[in-house]
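Subject: Structure handover

Hello,

Here is the structure for you to take over. Please open it first, then read the notes below.

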Amino acid sequence: MTPVHFSFSSAFTLGLMGLAFHRTHLLSALLCLEGMMLSLYIALSLWCLQLEATMFSAAPMLLLAFSACEASAGLALLVATARTHGTDHLQNLNLLQC
Amino acid sequence: MNPYVLTTLILSLGLGTTLTFASSHWLLAWMGLEINTMAIIPLMAQQHHPRATEATTKYFLTQATAAAMILFASTMNAWTMGDWNINQISHPLATTTVTLALALKIGLAPMHFWLPEVLQGLSLTTGLVLSTWQKLAPFALILQISQNTNPALLTTLGVMSALVGGWGGLNQTQLRKLLAYSSIAHLGWMIIILQFMPALTLLNLTIYITMTSTMFLSLKIMASTKINSLALAWPKTPTLTTLIMLSLLSLGGLPPLTGFMPKWLILQELTKQDLPITATIMAMSALLSLFFYLRLCYTTTLTTFPNTNNTTSPWRLKSTQITLPLTITIILTLMLLPITPAITTMF
């Protein structure tokens, strides 16, 4: 495992762990998702730099575009949650449990 | 909702699934899944009440996490093996991560907790889309990687889903949650046979989609979301109530109906593969599911509502809802078992 490989996989794993176990605010969950997507961006761009795969060089941009869409959808949901529940605490999202 | 926006969203739903079907590259498959998620989120959140917003938030978080995990695993596979092909994924860590991520996407048992809550917060139409159309794209990927995944992991996921789907539905009174648990149990049946005969997975998925469409469409016609409102259905729509009872028994998998066919073929294949214990556990878990289907049948058709109205059916307006899709799916739900040989040759 090269240092590059280790760094982006540990960044992704840290983001995933944060998303899974640090469940207080919706905003921090969205930030963890964004961190995961950015580590994936670094992984993809370093992959096509290292292998000199010019065919693949549009892929990190596509990933970035999609992750921007995802982040904006997440922020819109954050606003919607703040308007309906009055807070962005994840433990307040408990209307549907029974 | 604005008709232009609605058209765009529905076309995007179609585009996402088609993109995932047509791609052999992991990045394109991931883009298809993301388009699918992005397209259904406005449809889920279009009613502005708190339950819809909460369900949308939960759905968004799980699906975004699962999609990121899929792309991470395929990137790891590309770094170690140098290959982006979907059916060539071979690194064991990558295949396990992809299988778990796809299980999270469709709601298999250890990762199923979002599914009943999300389905409970949606309208019946969106719930229909969520439990039928949204399953197709992940299943296309699961079928393509099925030869490279860990068999023990698939068996664990399948058995746990069938058991959890049975146990979880026992204490529910909300119909959408019941349908969510029934979905989990059926997905368990699909996953348990995946490593031995992927054609049967596809057959089971098709039949499950038909049966659950019948349930959602008929619940939509009667506008009922709880068991106690189903008890009022008999004086309202007697024919549909009878057919709902038969559809429920078909979902439970009783012999003269369609739902028996996939269970029969799967149990036969498991026995052929010399796995009698797995087959027994799956058959017993079907009994748990059958219990709550039978309870629904009991409240729907076998109880009379305690009122003084003794006429067989009261005066009522003719419904203006479109019933053609319900008619087709209800026929398929009830009558496909005699042509089982013709159907097995199709898959």
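Helices (H or I, at least four residues) and strands (E, at least two) are DSSP runs, numbered from the N terminus. With that rule, chain A reads α-α-α along its sequence. The count for chain A is three helices and zero strands.

Before the rest, some ground rules. This is a predicted model, where local features need pLDDT of at least 70, side-chain atom pairs count only at pLDDT 80 or more, and totals for chains, interfaces and linings use all residues. Residues are numbered from 1 along each chain as its sequence is written, chains are lettered from A and ligands numbered from 1 in the order in which they are written, and side-chain values use heavy atoms, with hydrogens and water left out.

**Chain A**

Size comes from the radius of gyration, taken over C-alpha atoms; the globule rule is 2.2 Å times the number of residues to the power 0.38. Chain A has a radius of gyration of 17 Å, well over the 13 Å that the rule gives for 98 residues, so chain A is more spread out than a compact globule. Its C-alpha trace spans about 50 × 25 × 20 Å along the principal axes.

Burial is next. Buried means under 20% relative accessible area, exposed over 50%, and partly exposed in between (1.4 Å probe, protein chains only). In chain A, 42% of the 98 residues are buried. Contact means heavy atoms within 4.5 Å. Take the contacts in chain A between residues at least 6 apart in sequence: 50% join residues at least 24 apart. Accessible areas come from the Shrake-Rupley method with a 1.4 Å probe; for residues, only the protein chains shown count as cover. Chain A exposes about 5,400 Å², and carbon and sulfur atoms supply 70% of that area.

**Chain B**

Chain B has 17 helices and zero strands. A compact globule of 347 residues would have a radius of gyration near 20 Å, and chain B agrees, with 20 Å. The C-alpha atoms of chain B fill a box of roughly 75 × 55 × 35 Å along the principal axes. Of its 347 residues, 58% count as buried. For contacts in chain B between residues at least 6 apart in sequence, 78% join residues at least 24 apart. The accessible surface of chain B is about 14,100 Å², with 70% belonging to carbon and sulfur atoms.

**Inside chain B**

Start with helix α6 of chain B, residues 124–131. Six of its eight residues are buried, so α6 is largely enclosed by the rest of the structure. They are Leu124(B), Thr126(B), Gly127(B), Leu128(B), Leu130(B) and Ser131(B). These buried residues pack against α2, α3, α5, α7 (133–145), α9 (175–192) and α10 (198–222) of chain B.

Now α2, residues 26–44, which holds Leu33(B). Leu33(B) is buried, with a relative accessible area of 2%. Leaving out residues up to four places away in sequence, Leu33(B) touches Thr20(B), Ile70(B), Lys105(B), Ala137(B), Pro138(B) and Leu141(B).

Gln120(B) lies in helix α5, residues 114–120. Gln120(B) is buried too, at 10% relative accessible area. Which residues does Gln120(B) contact, leaving aside neighbours within four places in sequence? They are Leu96(A), Gln174(B), Arg176(B) and Lys177(B).

Asn87(B) sits in the loop between α3 and α4 (92–106). Asn87(B) is partly exposed, with a relative accessible area of 42%. Beyond residues up to four places away in sequence, Asn87(B) touches Gln144(B) and Asn148(B).

**Aromatic rings**

Rings of Phe, Tyr and Trp (its six-membered ring) pair if their centres lie within 6.5 Å; planes under 30 degrees apart count as stacked, over 60 as edge-to-face and the rest as tilted. The whole structure has nine aromatic pairs over all chains. One of them is the tilted pair of Tyr59(B) and Trp114(B), 5.7 Å centre to centre with 55 degrees between the planes. Tyr59(B) lies in helix α3 (residues 50–81) and Trp114(B) in helix α5, so the pair ties together parts of chain B that are 55 residues apart in sequence. Both Tyr59(B) and Trp114(B) are buried. Elsewhere, ring pairs link Trp47(A), Phe56(A) and Trp84(B) into a cluster.

Best wishes
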